[in-house]
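Here is a short tour to read alongside the model. Keep the viewer open as you go.

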Amino acid sequence: MGKKLLMKGNEVIAEAALRAGCKCYFGYPITPQTEIAHYFAKKMPEYGGTFIQAESEVAAINMVYGAASAGARVMTSSSSPGISLKQEGISYIAGAELPAVIVNIVRCGPGLGGILPAQGDYFQAVKGGGHGDYKMVVLAPSSVQELYELTVEAFNIADKYRIACMIMGDGILGQMMETVEFKDKEEIISADKSWALTGTKMEREQNVITSIYIDPEVLESHNLKLQRKYKLIEENENRVEIFNCEEADVIITAFGTVARIIKNVIKMAEKEGIKIGLIRPITLWPFPNEAFEKYATVPKAFLSVELNAGQMVEDVRLAINGKNKVFFHGRMGGMIPTQNEILDKVKEILKG
Amino acid sequence: MKTVFKRPHALKDKHMHYCPGCTHGIVHRLIAEVIDELGIEGKTIGVASVGCSYNNYEYFNCDMAQAAHGRAPAVATGIKRVNPGNVVFTYQGDGDLASIGTAEIVHAAMRGEKITTIFINNAIYGMTSGQMAPTTLINQVTTTSPFGRKPELHGYPLKVSEMLATIEGAVFVERVSTHDIKNILNAKKAIKKAFQVQMANLGFSIVEVLSSCPTNWGMNPVKALAWIKENMIPYYPIGNLKGKDLEV
Ligand SMILES: Cc1ncc(C[n+]2csc(CCOP(=O)(O)OP(=O)(O)O)c2C)c(N)n1
Ligand code: SF4
C-alpha cells in the first residue's frame, strides 16, 4: 500500500492535484485556503508545471480557461469572496465545455463576512452562481483522506465530461491535520483532448474554444447538448454516504465537516435509546436524490443541519417530495452547532 | 504579372461581417500576412475578445479561443504557459483592453508574458453602438457623451501604449495607424516585429492600431480615415515607443 502521512487538508488538496497530473495552478491569496497556493508554489517546479499568483480571481479563472483550452489539467482555489469573482469565468468554462477543478474553502458571508467555517455558498455552487443554464459537479469531502481521493476524482470527472468540478470544503477541513494514505499510483483516466488548442501544425482543421453562438437555433441545440451531459452526470456520478438509516427515528442530513459532528451525535443519542441515521451527500450536485427517496418514509422526520440559513434543506425537501417532515437547524457567522444542541433539536422533533 | 491582392493562407476565404470602411478587416489581413510570412500558422493560437471582432476565429485559420470581455491576456497567459512553443496573440478593442481589461493587460505585461497583443483603438465602443471609451477624444460626441467628452466629467483619454511602455516586461510597444497605405505598411512591419519579439522569447509585445469606426463616428469611410489623421494622431502620436532596436 501507499505512504501514510500526517498532513494539513489544504496541502493535501495541492498534493493530490499534482499526483493527478495537474500542470497549472492559478490563484489569488485569500484566507483560509492560502496554503494550497504555497504548496503549489514550492512543488510545481518539480512537476514541470506552471504556478502563477494572478492579479485577481477574475484573471486566475480566465487563466484556467486558457490552460484548459490548451488541454492541460488545471486547478484554481479560493474562498467565498474570491469564488464570487470567479463566477464569470465559471459560466464561460461551462459554455465552452472546458475541464477544470475549482476549490472553494468556504468562509462566512455575505460580503467580506468572516474567515471562519461556513456553508453559505451551497446555493452559489449547486444552483449556478454565474449566468445561464449550467451545472458544475460539486464534491463535499468530510475528511482529509476524502479530500485527497475526491481531488483526484475531480480531475477525472472534469476530463471525462468536459466540465468544471468544484471541491467545497471549509476552514476546519482545510486547516485540519489528519493522516492520509496516498496510493502508489493514481488512477488517471485518459480523455480525448483532440479539441484542445495546440496549433493546427497544418495537419488538421482549426480548433476553436468559444461560448458564443449568435444563431438562436444553434445556441439552443448547444444548450440541449449541455443538458444531456448534465443528465448523464446525474445518472452516473452521484455519491452519498448512508449511515445507520435502517429503522432510524430521525435521519439527519449534513455535508462536509458538519457530518463529522453528526456521527458523534449519533453515538450520544444511542446511549439515550434514540436512533439517528445520517445521509451525507458527497456530491452536492448531482444531488443524491435516490438515497432520500429510499429512506423517505423510514424515520419520523428528517433534519438538515448546515452552517447557513437553510440551503441544502431545499434540495432535501425536493427529494423527500412531501413524503415526510423536513426540519432545519443551522448556525452562521462561523458558529458551529454543538452535539447537545443538535441532540436537543432531535428530541424536540420527536416530541412533536 | 505580379499578384497584388492574394488572400493570405492564414485568412479564410470568407466575407467579413464588418461595416463598410471598418479597418478591423485590414488589420486581420495584416496579421494573416505576417503569420504567412513567418510560416507560423500551424503553431499560432489566437485569442478573440469581446467587441465587433468577437468572432474573428471565423476569419483566421489558426487555432483560436474566444475570451470574456477584457480577459484575453489572462486566457492567452494560460494557453502560452501550457504551450510555450506556440505563438499566442490577443486581438482586443479599446473598450475591451483599456476599460474592463486594464488589470489583465497591465499584469500580462508586468509578467512579461511571451504573447503579442493587437490593440484596436477606434476611440469608441463599436459593437454596443458607440458609447464613450477610455480612449474617446476630448469633445468627441458618443452615445454616452452626447455633449462631447469633457475632462472635468470624464477625464482625459487614456494613452495605453505610453502607460504600458513604462512596464519592464513590455519589451516591444508601437503605435501605428490605418489611415493610408504607407501607414498600413508600417503597421504590418510593427505587427511582424511584435510576433518576432515573442518568437525570440524576449517578453510581452503590443501594437496599438489607430482604427476607424465609420458607423459610430457617423462618417463615411473616407472621412473616417481623415479623422484618424486629423484628430487621433495629434493626441496618440504614432511611432515606436519601445523595442525598436531589439534583435529578432
Ligand atoms: C462583461 C461584459 N460587459 C459588457 C459586455 C457588452 N459589450 C460587448 S462589446 C462591448 C464593447 C466593445 O468595444 P471595443 O472593445 O472598443 O471593441 P469594438 O466593438 O469597438 O471593436 C461591450 C461593452 C459584454 N459582452 N460583457
Ligand atoms: S461598428 Fe465600428 S468597429 Fe464595429 S464593425 Fe462597424 S465600423 Fe467596425
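What follows covers a helix pair and a pocket.

## Ground rules

This is a predicted model, in which local features need pLDDT of at least 70 and side-chain atom pairs count only at pLDDT 80 or more, while totals for chains, interfaces and linings use all residues. Residues are numbered from 1 along each chain as its sequence is written, chains are lettered from A and ligands numbered from 1 in the order in which they are written, and side-chain values use heavy atoms, leaving out hydrogens and water.

## Two helices in chain B

Let's start with helix 1 (residues 24-38) and helix 7 (residues 181-199) of chain B, whose axes come within 9 Å and cross at roughly 50°. Therefore helix 1 of chain B is oblique to helix 7 of chain B. Helices here are DSSP runs of H or I with at least four residues, and strands are E runs of at least two, numbered from the N terminus. Axes are lines fitted to C-alpha atoms, for helices over the stretch in contact, with angles from 0 to 180 degrees between N-to-C directions. Angles under 35 degrees count as roughly parallel, over 145 as roughly antiparallel, 65 to 115 as roughly perpendicular and the rest as oblique.

In the contact (heavy atoms within 4.5 Å), residues of helix 1 of chain B including Ile26(B), Leu30(B) and Glu33(B) meet residues of helix 7 of chain B, among them Ile184(B), Lys188(B) and Phe195(B). The residues of this contact divide into ten nonpolar, one polar and four charged. Ala, Val, Leu, Ile, Met, Phe, Trp, Tyr, Cys and Pro count as nonpolar, Asp, Glu, Lys and Arg as charged, and the others, Gly among them, as polar.

## A pocket lined by chain A

The second largest pocket has 18 lining residues, and Cys108(A), Gly109(A), Pro110(A), Gly120(A) and Asp121(A) lie nearest its centre. On a 1 Å grid over the protein atoms alone, where a 1.4 Å probe fits, a pocket is an open set of points with protein on both sides within 12 Å along at least five of seven lines, and lining residues have an atom within 4 Å of a point. Helix 4 of chain A gives the most to this lining, with three residues.
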